[in-house]
Each structure stands twice: as structure tokens, then as C-alpha cells.
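Grab a pencil and work through these exercises with the model open beside you. Each task comes with a solution that goes step by step.

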Amino acid sequence: MFGRSIKIGSVGGIPITVDASWFLLAAFIVYSQLALYADAIGTTTAIAIGLLTALLFLGSILGHELAHAGVARLRKLPVTGIRLFALGGSTGIQMETTPADEFFTTVVGPLTSILIGFALVGATVFDFSPAVLDTLRWVGWLNVILGVGNLVPGFPLDGGRILHALIWQVTGNERKANSYAARSGMAVWAIGAALGLYLVANNSFGWGIWLMLISVMMFQGAKATLDRERIFSSLSQGTVNDAMGPPPETIPEDISLSEALDRYLRGHESETFPVSNAFQPVAGVLTFDAAARVGSENPLRPVRDAMLPPSGVLQVGLHDKLDAVASRLAAARLPAVVLDGGRIVGQIALPDIDRWLQGRRVR
């Protein structure tokens, strides 16, 4: 079940999904409150208190992520969705092209958690039952603690991303910011693991083991970022010309769909082929499905009648840097054709870049 996500709705067109671990956390919170209050207020009321606690806590996590998404929308950044899981949540934000984009979309999350926390604590001035008041205080102060803790510069926490944005702003170099932020995160989480070990040694097993586990996972995340930065630093030394393969087969736009099927598409149903004419090296693209839709009516119709816009194929230049090209290929999950002077001179995909990188390491 872990790793599977279930969509529970959307806010402003932003899909919200929850991981299976999220439900386990909710069940654990309800069980904990039941064990704490059952004898004093009865099983049914204790379960209701448990559900309220889970709703407030998990709703606070959603509020934190919605704050990220809301500011991203205000800054015209695409938001792909929000995913909630046991240890928190993540918001898919694309195209953070400036330090300011990253800073403002990030810092709002911890600040929102702190505000939610103080709002819940402030609600204890009302005349609720003791169990509800305890719940408001517990969830409220927990939000404050988590909000402040999330500002620690331990990448990939929000604090680490804020540090990344500040370094990026000061140096003007995003790659250098990646490296510094990742190293800072590794240092923070190494200290966290050491503190967890200290707590275990002093018989505080629960908090100690929990802190060690979180620190180890976060340390690995920061190290993965540093490793990725080293790879991209190497890729920045190469160009498309160094790694590309031979040109892809190009389908002439004036041949019939039947001929295109026999010569190009059969056996390559998942691939996308560029279509050329006398004036353009990439006048469009053709897929098996597109050809089948039109060809099922008349297989003798020309390819031009079924081709799709050329945006269906990535186009890169012969001298483009491999780090930028690798990012485009990973985002599109498609190979790219290489153009030079308006001619298709090659094609490149992620395996080509990986082979170039491995060859560079061997040398």
C-alpha cells in the first residue's frame, strides 16, 4: 500500500492526493486519543476527540501545502498537485526561474503552519470541553514547533530551500546554491542523527530512534541533491554534439499512410517520428495512433493529413549544453532531434547522455 496515492479532491483545480501512510497516521492518532480519554469520557466521545485531532492535524498539513500552491499561483508558476503523506506533504511547483519565486513560495509554508498553530491555541479561550481544549493546545503548539523546525536550513526542508534561494540571489549561480544548500542539509542532519543517538544512549528511546530515522532519510535526500549537482556539473562540460546518436528516420509527408505503416511505424508503436517536406526538416510528427485514426478511413491518404504539430518532438541545437538538454529530456520523457542549420543531423535521448557521462568517468 505504501507509495500508492488516492485522489481525495481538488482546490482551485489543483488535485490533492493522499498516500496510504496518511490513513495509517490518522488511525494512529485516533487510537492514541482513544487510549488517553476512553476511561474518562467514554469510548464514543474519545473516538470523536481522536477524529477531531486527526482532522485538525492533517488539515494543518494541507493548509501548509495550499499556502505553497497559492503563492505559486500568484507568481504565475504552474502547480501540478499536492500530495499528503505521513511525514508531511509535497506541492508540485514547476518553473521556479528566479530566487524570489523559490523564496516566496517556500517561506509561506512554515509561516502558515505557525499562524495555524497560534490560531488553534487562541481558540482555547472559548468554552469547550477539557478534551477539546487539550486537543486544540496540542495540535496548535505542534504546528508552531513544526513551523519553526521547518525553517531549519536542513535541505530538503523548507528552511533548506529558503537558504538555497538566498544563496542563489547573492551569488547569481543556481548551481552553486544547489551545492551549498545540499552540504548544509547534510551537516544539519548529521547533527540530528548524532543527537538522536545521544537520546537513545540516555534511555530516551522513542524520541531518539524517531529523530535518527528522520535524520538519516533527510541526509540521504540532501546527499542525493549533491550527487545530482555533481552529475549536472559534469554534463555542463559537454554538448549535444558529443553525445548524440545518428539522425532518426524522417517520414516524408507525401507518402501514403499505408507505406508509412509498413516502412516506419510497425513495431515502433510507442515512438514519435518527425515528418519532413521540401521546406522544413520537421514539418510535423507522426505516431502510430495518429496514423491509425486517419488511415482506418483511407490508408492511401498522405502522411501530412495525419501528422501532428512539430511540438510533439523536442528540438535541440548541436552546441546546446548537455545539462540543459538532460533537464528537457527528463521533463518531456521523449528523445530530441538535433538541428544544425535547419537540417536534422542527429537525435539524442537520456541513454545517450548517460553513455557519454560513463565514458567520461572511465577516461
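Helices here are DSSP runs of H or I with at least four residues, strands are runs of E with at least two, and both are numbered from the N terminus. Keep in mind that this is a predicted model.

**Exercise 1. Find where K76 and N203 sit, and work out whether each is buried or exposed.**

Start with K76: look in the loop between α2 (43–74) and β3 (79–85). Its phi is near 65°, a positive value in a residue other than glycine. Now for accessibility: the cut-off for exposed is over 50% relative accessible area, and K76 has 73%, so K76 is exposed.

Next, go to the loop between α6 (174–201) and α7 (205–235), where you'll find N203. N203 isn't a glycine either, yet its phi is positive, at about 70°. With a relative accessible area of 58%, N203 counts as exposed.

Why flag these at all? Because most residues other than glycine have a negative phi, and most peptide bonds are trans.

**Exercise 2. Find the residues joined by a cis peptide bond.**

Check omega between F155 and P156: it is about 15°, and the bond is cis. To place P156, look at the loop between α4 (130–149) and α5 (158–171).

**Exercise 3. Describe how α9 and α10 pack.**

First, the geometry. Helix α9 covers residues 257–265 and helix α10 covers 288–295; they pack at about 155°, with axes 10 Å apart. Angles over 145 degrees count as roughly antiparallel, so that's the label for α9 and α10. The crossing of the two is left-handed.

Then, the contact itself. From α9 come L257, L261 and L265, and from α10 come F288, A291, V294 and G295. Sorted by class, that contact has six nonpolar residues, one polar and no charged ones.

**Exercise 4. Work out which way the residues of β7 point and how β7 pairs with β6.**

Take β7 (residues 284–287): G284 and L286 point one way, V285 and T287 the other, and all are buried. For the pairing, β6 (residues 272–276) runs antiparallel to β7 over four bridges. In one of these, V275 is partnered with G284.

**Exercise 5. Is E253 buried or exposed, and what does E253 touch?**

Locate E253 in the loop between β5 (251–252) and α9. Its relative accessibility is 16%, so E253 counts as buried. Leaving out residues up to four places away in sequence, E253 touches V275, S276, N277, A283, P302, V303, R304 and M307.

Notes:
Residues numbered from 1 in each chain as written. Predicted model: local features only at pLDDT ≥ 70, side-chain atom pairs only at ≥ 80, totals over all residues. Heavy atoms only, no water. Axes fitted to C-alpha atoms, helices over the stretch in contact; angles between N-to-C directions. Parallel < 35°, antiparallel > 145°, perpendicular 65-115°, else oblique. Left-handed = near helix turned anticlockwise from the far one by under 90°. Contact = heavy atoms within 4.5 Å. Nonpolar A, V, L, I, M, F, W, Y, C, P; charged D, E, K, R; others polar. Buried < 20%, exposed > 50% of the residue type's maximum accessible area, 1.4 Å probe, protein only. Pairing = 2+ DSSP bridges.
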